[in-house]
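Here is a walk through a two-chain model, written for someone who likes cut-offs spelled out. Have the coordinates open as you read.

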Number of protein chains: 2
Amino acid sequence: MTKYVYKFAEGDKDMKDLLGGKGANLAEMTKLGLPVPPGFTITTDACRAYLNTGEVPDTLDVEVTAAIRGVEDAMGKTLGNADDPLLVSVRSGAKFSMPGMMETVLNIGLNDNSVLGLAKQSDNERFAWDSYRRLIQMFGKTVMDIDGDLFADELHGLQQKKGYKGDLDMTTEDLKELVVTYKEIVKRETGKDFPQDPREQMDMAVEAVFRSWNTDRARIYRRRERIPNDLGTAVNVQTMVFGNMGLDSGTGVCFTRDPSTGHSGVYGDYLQNAQGEDVVAGIRNTLSLADLENLDKKSYDELREIMSKLETHYRDMCDIEFTIQKGRLWMLQTRVGKRTASAAFRIAEQLVNERLITKDEAVTRVSGDQLTSLLFPQFDKKAEKKLISKGMPASPGAAVGEIVMNNEQAVERTQAGATVILVRRETNPDDLQGMVVAAGVLTARGGKTSHAAVVARGMGRCAVVGAEDLVVDEAAGTVYVKSKDATYHAGDVIAIDGATGEIFEGRVPVADSAVMTYISKGFDAAMEAAGDDADVVELVTAVDHILTRADQKARLVVRANADNPEDAQRSREFGAKGVGLCRTEHMFLGDRRKLIEAVILADSDDEREAAYDALMPLQKGDFVGIFGAMDGLPVTVRLIDPPLHEFLPDLTELSVELAVKEAKGETVTNQEKKLLAAVKANHEANPMLGLRGIRLGLKMPGLIKLQVRAIAEAYVELRKQGKDPKPEIMIPLIGSVREMQIARDMALEVLKDVEDESGMKVDLPIGNMIELPRAAITAGRIAVESNFFSFGTNDLTQTTWGFSRDDVEAAFFNDYYDYGIFGTSPFESIDWRGVGALVRRAAENGRQANPDLHLGVCGEHGGDPQSIHFFHWVGLDYVSCSPFRVPVARLEAGRAAIANESEAAAEENGGSSVNATA
Amino acid sequence: MTKYVYKFAEGDKDMKDLLGGKGANLAEMTKLGLPVPPGFTITTDACRAYLNTGEVPDTLDVEVTAAIRGVEDAMGKTLGNADDPLLVSVRSGAKFSMPGMMETVLNIGLNDNSVLGLAKQSDNERFAWDSYRRLIQMFGKTVMDIDGDLFADELHGLQQKKGYKGDLDMTTEDLKELVVTYKEIVKRETGKDFPQDPREQMDMAVEAVFRSWNTDRARIYRRRERIPNDLGTAVNVQTMVFGNMGLDSGTGVCFTRDPSTGHSGVYGDYLQNAQGEDVVAGIRNTLSLADLENLDKKSYDELREIMSKLETHYRDMCDIEFTIQKGRLWMLQTRVGKRTASAAFRIAEQLVNERLITKDEAVTRVSGDQLTSLLFPQFDKKAEKKLISKGMPASPGAAVGEIVMNNEQAVERTQAGATVILVRRETNPDDLQGMVVAAGVLTARGGKTSHAAVVARGMGRCAVVGAEDLVVDEAAGTVYVKSKDATYHAGDVIAIDGATGEIFEGRVPVADSAVMTYISKGFDAAMEAAGDDADVVELVTAVDHILTRADQKARLVVRANADNPEDAQRSREFGAKGVGLCRTEHMFLGDRRKLIEAVILADSDDEREAAYDALMPLQKGDFVGIFGAMDGLPVTVRLIDPPLHEFLPDLTELSVELAVKEAKGETVTNQEKKLLAAVKANHEANPMLGLRGIRLGLKMPGLIKLQVRAIAEAYVELRKQGKDPKPEIMIPLIGSVREMQIARDMALEVLKDVEDESGMKVDLPIGNMIELPRAAITAGRIAVESNFFSFGTNDLTQTTWGFSRDDVEAAFFNDYYDYGIFGTSPFESIDWRGVGALVRRAAENGRQANPDLHLGVCGEHGGDPQSIHFFHWVGLDYVSCSPFRVPVARLEAGRAAIANESEAAAEENGGSSVNATA
């Protein structure tokens with residue numbers, strides 16, 4: 001039989017899955033012998049059972065009876081007693097904190113009888129009746145689903161009628177009258193009496209908390225916070241204690257040390273004669289916690305002792321809630337305190353310095369997401385800003401600059417010394433040049449995974465996308481803002497915040513990131529820039545220590561995705577140990593597009609060869625640059641991958657253009673006709689699944705040979721200069737071992753030729769992408785012909801799910817979040833149940849067949865913290881991510897290694913990832 | 001150490017993988033004690049090793065030495081001996097017969113010395129020298145790669161010079177002179193002497209046979225015959241015997257019974273004083289085998305005894321080659337005799353009648369492909385035909401009719417009593433009506449898996465596709481034949497042969513298929529039609545007996561894919577036990593397209609609901625028809641699957657149309673603009689991987705509800721009529737258990753509503769397609785929420801390989817065959833290493849999670865013999881195929897069950913399928 005109820009004394013802090021965060025910590029404190037008001041926790045299992053069936057589990061009733069008896073015994077009080085009643089609170093408490101999202105009911109146990117007992121015990125009749133009317137009001141609204149305004153209106157009506165200024169003016173008689181009125185409202189609205197049976201109150205409250213898991217606001221919150229929908233909440237039933245029983249009572253919150261620096265000290269607030277809610281509501285000015293020493297030295301000393309005990313126990317800065325009822329201290333909650341990103345690093349550093357935690361633990365106390373947020377410049381918080389509109393935050397950072405609307409303007413203005421923001425309806429690969437020189441990118445169309453968003457994130461460039469309020473007219477050079485009926489022009493200065501999606505007018509001041517200075521220029525440069533600012537010095541020192549430790553512990557090597565020498569150079573500065581993905585298709589855009597067009601349109605082998613010959617020196621130059629920038633480190637070059645039509649005009653656009661020409665009686669040239677015919681011939685219904693990758697290579701072996709030769713000749717040239725280039729040749733879209741055999745043989749033949757010509761050994765690793773399910777399934781066969789696998793998890797996600805990323809994210813991913821099908825997009829964090837299972841299988845089978853096989857990942861997942869832990873767990877050798885993500889990946893690689901040092905931890909990490917899609 | 005050489009006495013007939021067909025059967029005969037000239041077989045392992053490394057395996061040499069010594073001892077002759085030399089033949093022999101595709105070298109062992117010995121022994125100097133010059137000629141060409149014409153020119157030159165009419169006029173001296181000349185040619189062309197060492201001759205010949213596995217013609221043959229490229233050939237080295245040593249010598253071929261009926265009797269030919277090659281070449285008239293009794297009673301009796309022995313041993317009609325050398329009978333080859341499709345059935349029936357084989361064995365003696373070929377009408381072979389052009393044979397059969405070029409003409413002319421052939425540039429779903437009424441379909445574009453081909457095969461409609469020689473101009477009503485510069489018009493009569501791709505002019509006479517009459521109208525009707533034709537009576541009886549037995553033994557149930565009552569009815573006649581796939585998208589074409597357009601274009605929920613309401617009675621009517629036709633049998637209805645834009649106009653066409661209108665100054669209406677906007681909004685880069693299937697259903701739950709309600713109401717209506725409808729609801733494109741949960745809940749809610757309205761229990765199975773890799777990988781989870789899985793192996797192949805079928809087959813599959821990446825298209829026969837592995841895993845995990853889970857397949861593979869055996873092996877419950885394939889599937893399901901009755905056989909069948917793609 002499943003156990004659904006745990007007394008506080010039965011649990012501990014590691015039982016968050018079952019007891020929720022609050023319940024687990026209450027149990028832990030109880031176990032430590034701290035003064036916790038007695039109570040018990042109803043498990044998340046019970047909640048899930050309720051949500052699945054619509055009924056509480058059969059056996060819960062009995063368990064609750066036993067638990068409540070225990071509480072009554074411990075307190076020497078009974079529920080509903082007319083002399084000395086037990087009152088309890090019923091509170092939600094999920095695994096992950098969801099503040100304010102779910103329900104709480106206080107003062108359960110009050111009824112027409114026990115209100116008299118409370119009056120006696122508190123020696124305060126007014127307090128007792130006020131508590132009772134509060135219960136009916138809260139219970140009516142939360143549990144019985146009555147419109148809360150009905151109660152509030154009566155309250156205010158009564159105050160108005162009597163000329164009161166507020167609650168405090170109300171007399172005991174007023175409150176008694178309100179109780180009568182409130183009970184009438186309950187009867188009228190629900191047809192039922194307000195329940196007088198305390199147990200019935202409690203059971204109803206518990207169900208209400210269960211139900212509150214699935215309110216809209218809770219669901220929306222979980223989606224935003226990546227909390228799975230199927231966890232459910234635990235419910236804590238706990239003896240009420242009152243901080244509002246007079247001046248010897250009060251309530252407070254505190255931290256065991258400075259929450260922003262980690263330095264020792266007393267940090268907290270205290271409010272006399274008040275309940276916890278009052279502190280949160282900020283209705284009166286709070287005292288500093290230090291003041292408590294004067295008010296109630298006994299409680300203060302006890303609290304300080306408890307704080308010290310908790311910190312030693314949790315070995316981290318804790319956040320505490322307490323109440324003093326008539327001079328007696330009660331602990332209501334504790335947890336490891338939340339903190340900002342910079343505080344997380346500084347506290348970890350401080351705890352190491354105090355020898356409270358190890359250097360390894362310090363690494364686990366911070367996260368890649370926190371590091372990311374420290375890398376970006378931010379708008380000065382104090383500056384005045386004029387909001388123009390909002391889009392989707394697509395790539396963090398803050399950028400200010402002149403509006404430019406195409407590559408030419410972008411280049412021209414930056415060459416003239418201006419900082420620019422590229423504003424486009426949407427972007428495509430041809431806009432790359434503009435994106436490279438711009439400080440930020442703003443588009444009117446597209447989602448978080450549109451071209452603009454993905455490329456900007458890859459470059460660490462600030463971006464706001466899908467600002468549908470904007471009408472971008474490149475020809476007119478204007479950006480029209482619909483909601484404001486305002487027009488901005490090219491040259492006007494705007495500012496965009498990639499973390500919020502906000503778009504501002506004018507030159508908003510931006511503050512630099514000290515951590516970015518450290519990452520890109522090194523410790524000394526960052527220290528010099530920090531000057532006297534002790535906070536910054538501490539932060540940079542902490543980041544340096546933690547990142548260094550992470551690098552020492554990491555088993556996964558971090559490489560970067562880079563297609564040009566600049567990116568290669570930058571990623572190297574960021575700590576990348578090589579290039580894991582050098583795409584070559586970008587090298588055929590711009591001026592070279594014509595040459596690829598010539599390859600496609602060639603009428604004869606000679607014409608095609610001529611185009612190859614023209615491309616050859618250019619391609620070789622590309623590789624000399626990149627291999628040189630990564631001298632001594634590996635560079636994995638992926639041979640050309642996309643379908644040919646990506647190098648040709650769009651079918652619809654060209655068809656319309658020529659048809660209109662014809663309709664207007666203008667001449668359509670033979671060249672234009674030929675181009676249209678080629679576009680039609682190369683058009684594909686589903687290009688993602690068409691003639692590309694190795695398929696294209698086998699159809700046009702000249703392309704493979706051209707690229708392999710360029711790689712080999714670049715290698716030879718650099719070697720002759722005394723350098724140490726380490727190129728690796730990667731074949732895309734392999735689905736079978738035979739394709740790999742053929743491609744490998746073709747490549748080996750070219751390498752042999754270059755060896756013969758140069759008299760230099762050219763022995764380069766040849767491997768392949770694993771980006772098709774069939775490649776993953778037959779990896780054991782392919783591995784025999786391959787030196788390395790690089791998992792292309794973007795494409796593997798597309799084919800495994802049958803998702804065309806371009807199409808599906810905008811079309812229905814939002815619905816899928818709502819339906820609870822995804823917690824996170826599988827393109828963002830690897831779907832370990834589906835795609836991950838293929839990666840794992842392929843890695844295992846590949847290694848078994850070829851023990852020397854080198855394994856890496858080059859999808860965007862390579863820079864995602866969750867995914868990096870998964871890749872560590874399945875035993876890959878490296879991850880490759882965009883240059884900007886390299887520091888994050890380094891940190892997470894270290895964290896993964898530390899977290900996985902015990903096998904049990906490994907299972908946990910692999911098996912409970914957040915991206916547990918259905 | 002791998003054993004590369006088997007003496008004939010060491011092998012047996014089941015070792016075809018290793019010894020090839022010829023070698024295995026020579027071994028078997030040797031084991032039986034028949035007079036086989038001694039020899040040995042070099043294994044396919046040796047060949048594969050040679051092909052992989054370019055060198056014969058190290059240990060082969062030694063093994064061959066031992067084997068050849070054994071032969072010398074057995075014959076009392078030695079290689080190269082000047083008195084009594086041993087001569088051997090070196091012949092290829094692969095697992096599957098590839099007649100004439102690979103090399104053979106005879107008379108190995110002759111040199112300047114041993115030619116004298118042969119002369120002595122044969123007492124025929126001319127014969128010896130003729131044999132020698134033949135060796136040099138054959139060896140030079142085959143082994144040493146010398147242009148064969150060089151030898152032939154010398155031979156003819158000499159004959160011309162001397163005024164000879166042919167070879168027989170040549171004297172011994174002429175032949176001696178030729179030997180000298182031939183040896184000079186060898187020296188001149190290769191720089192080397194003709195090898196005098198017999199062992200060197202033999203080794204070189206063996207290597208030449210190995211190499212001949214990979215000649216172009218051999219590769220092309222294998223591709224056509226679906227023989228894997230990586231099998232390699234064995235090589236048989238065997239003592240030469242000569243049938244041309246005088247009138248007491250000769251050679252013959254024979255069958256152990258009538259090869260077309262299976263009736264007992266003596267069937268064969270004999271040629272006195274001749275070699276095997278002479279029989280094949282047909283240079284002299286052969287005698288009937290019966291004549292041998294008079295010529296050489298002893299040999300005749302011995303042969304008859306051997307024939308009887310072989311037949312009892314092989315338990316099948318055998319085909320035999322023998323030679324008599326100076327009155328001594330030698331067996332050169334035997335194998336189970338090849339036969340036509342109708343002979344296969346009749347022989348199997350005859351052997352059962354003679355109690356030589358069991359009824360089960362009879363089922364294994366025929367194949368689905370043979371049955372298929374018996375189902376189609378064929379052109380009268382004797383009729384005169386005028387060939388117009390040729391396309392690709394896409395769906396077998398023979399059809400004659402008037403050219404029609406669209407649906408309207410097709411319907412109009414068939415209603416007027418004409419038979420028609422639908423001729424289109426290519427077809428799309430809108431042409432369905434025309435295809436239904438036409439006798440055949442002919443297209444100028446598209447491959448074997450184009451829409452026309454797939455749909456025609458599905459309907460059992462004759463089709464020729466991709467006849468690129470034709471220019472189809474629907475507007476002009478003409479079909480222009482480029483190669484002939486001829487034009488045909490709508491109304492002209494043509495004939496197409498779906499088995500050859502030929503297109504003829506005029507009314508070519510067609511013969512009916514008796515087997516088709518049996519299948520569709522039953523045994524009695526077929527017998528009546530057969531009348532006095534004993535051959536036909538025997539054939540129909542045989543098919544009836546075998547198919548009945550197959551049905552008894554089959555574990556796989558056969559269902560049909562049918563979208564309308566007519567198809568359901570027909571498949572039922574063909575023996576289908578239900579509908580495994582009832583697609584619903586076809587139901588929204590034609591007149592109803594407007595209603596779906598209204599759903600898509602709806603501005604409000606009300607408008608959309610109105611469109612649903614209008615569709616509801618129509619959809620219900622569809623289901624009433626189909627469920628009624630399949631009364632008592634299950635009908636699996638797949639909810640709507642394709643992306644919405646399939647119901648809208650094409651983006652490019654509409655864009656051009658409206659742009660041209662505008663360019664011409666004509667008005668583009670708001671409705672047109674709205675339509676274009678909708679087309680753009682619904683346009684997808686990769687629709688295959690976009691918003692379709694369950695994704696569409698979750699986006700527009702009204703669609704799911706409409707369809708489920710129509711199914712449920714149709715069920716209720718038929719039940720109220722006292723019928724027994726058995727609909728099953730199938731959700732397409734499921735990728736995760738959560739999608740299935742949601743869809744199932746939606747469907748259950750509707751079923752509950754219909755129950756409440758009708759007062760009748762509506763408890764219908766709800767299952768899903770497994771057509772995405774992720775569904776297969778997570779099948780264990782999905783199975784918990786599903787009553788059945790239907791494997792959509794078409795889509796599963798597309799996603800597993802990353803192949804868009806529309807794009808890739810034409811674009812590069814031919815290259816892939818050439819490269820040896822595929823033996824067969826994975827769309828034709830299931831790719832068991834990749835796609836099949838997913839099917840197997842999903843079936844196993846699904847059943848484990850839900851033991852009641854029902855498993856079927858509804859892709860085209862459901863009608864493919866190879867694939868059916870695989871599906872049996874992985875334990876599916878049913879296959880569903882096009883109605884026309886039902887009889888074939890029934891037969892193969894029975895064959896699979898019989899073949900798999902022993903576990904060993906099961907492993908063999910699953911593991912050695914022909915579709916072993918790399």
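## A tyrosine to start with

A:Y488 sits in strand β22 (residues 486-489) of chain A; helices (H or I, at least four residues) and strands (E, at least two) are DSSP runs, numbered from the N terminus. This is a predicted model, where local features need pLDDT of at least 70, side-chain atom pairs count only at pLDDT 80 or more, and totals for chains, interfaces and linings use all residues. Residues are numbered from 1 along each chain as its sequence is written, chains are lettered from A and ligands numbered from 1 in the order in which they are written, and side-chain values use heavy atoms, with hydrogens and water left out.

Is A:Y488 buried or exposed? With a relative accessibility of 11%, A:Y488 counts as buried; the cut-offs are under 20% relative accessible area for buried, over 50% for exposed, and partly exposed in between (1.4 Å probe, protein chains only). Leaving out neighbours within four places in sequence, A:Y488 is in contact with A:I388, A:I403, A:G477, A:T478, A:V479, A:V481 and A:E505, contact meaning heavy atoms within 4.5 Å. With A:E505 there is also a polar contact, side chain to side chain, at 2.7 Å. By polar contact I mean a pair of N or O atoms within 3.5 Å; within protein, one must be able to donate a hydrogen and the other to accept it, and residues adjacent in sequence count only if both atoms are side-chain atoms. For a sense of scale, A:L639 is 151 residues from A:Y488 in sequence and 43 Å from it in space, C-alpha to C-alpha.

## A buried arginine

Strand β17 (residues 420-424) of chain A holds A:R424. A:R424 is buried too, at 15% relative accessible area. Its side chain makes a polar contact with the side chain of A:E474 at 3.0 Å. Beyond four places in sequence, the residues that A:R424 touches are A:M405, A:N406, A:D431, A:L442, A:T443, A:A444, A:V472 and A:E474.

Over in chain B, B:T584 is in the loop between β27 (579-583) and α23. Its relative accessible area is 0%, so B:T584 is buried. Not counting residues up to four places away, B:T584 touches B:F623, B:V637, B:R638, B:L639, B:I640 and B:Q707. Two backbone atoms lie by a polar atom of the B:T584 side chain: the oxygen of B:R638 at 2.9 Å and the nitrogen of B:I640 at 3.3 Å.

Helix α23 (residues 593-601) of chain B has B:R593, B:I596, B:E597, B:V599, B:I600 and B:L601 buried. What do the buried residues of α23(B) pack against? Their partners are α24 (605-629) and α26 (670-682) of chain B.

Most residues other than glycine have a negative phi.

## Zooming out

Chain A comes to 37 helices and 33 strands. Its C-alpha trace spans about 105 × 65 × 60 Å along the principal axes. The radius of gyration of chain A is 33 Å, which agrees with the value near 29 Å that a compact globule of 918 residues would have; the radius is taken over C-alpha atoms, and the globule rule is 2.2 Å times the number of residues to the power 0.38. Of the 918 residues of chain A, 57% count as buried.

Which residues touch the most other members of the largest nonpolar core? Among its 303 residues, they are A:F345 and B:F345. Such a core is a set of buried Ala, Val, Leu, Ile, Met, Phe, Trp, Tyr and Cys residues joined through side-chain atoms within 4.5 Å.

Finally, the pair: a rotation of 180 degrees, with 0.3 Å of shift along its axis, superposes chain B on chain A at an RMSD of 0.2 Å. That is the relation of a two-fold axis. In chain B, B:N686 has the C-alpha nearest the axis, 2.1 Å from it.

Methods: Copies are superposed by least squares on the C-alpha atoms of residues with pLDDT of at least 70 in both.
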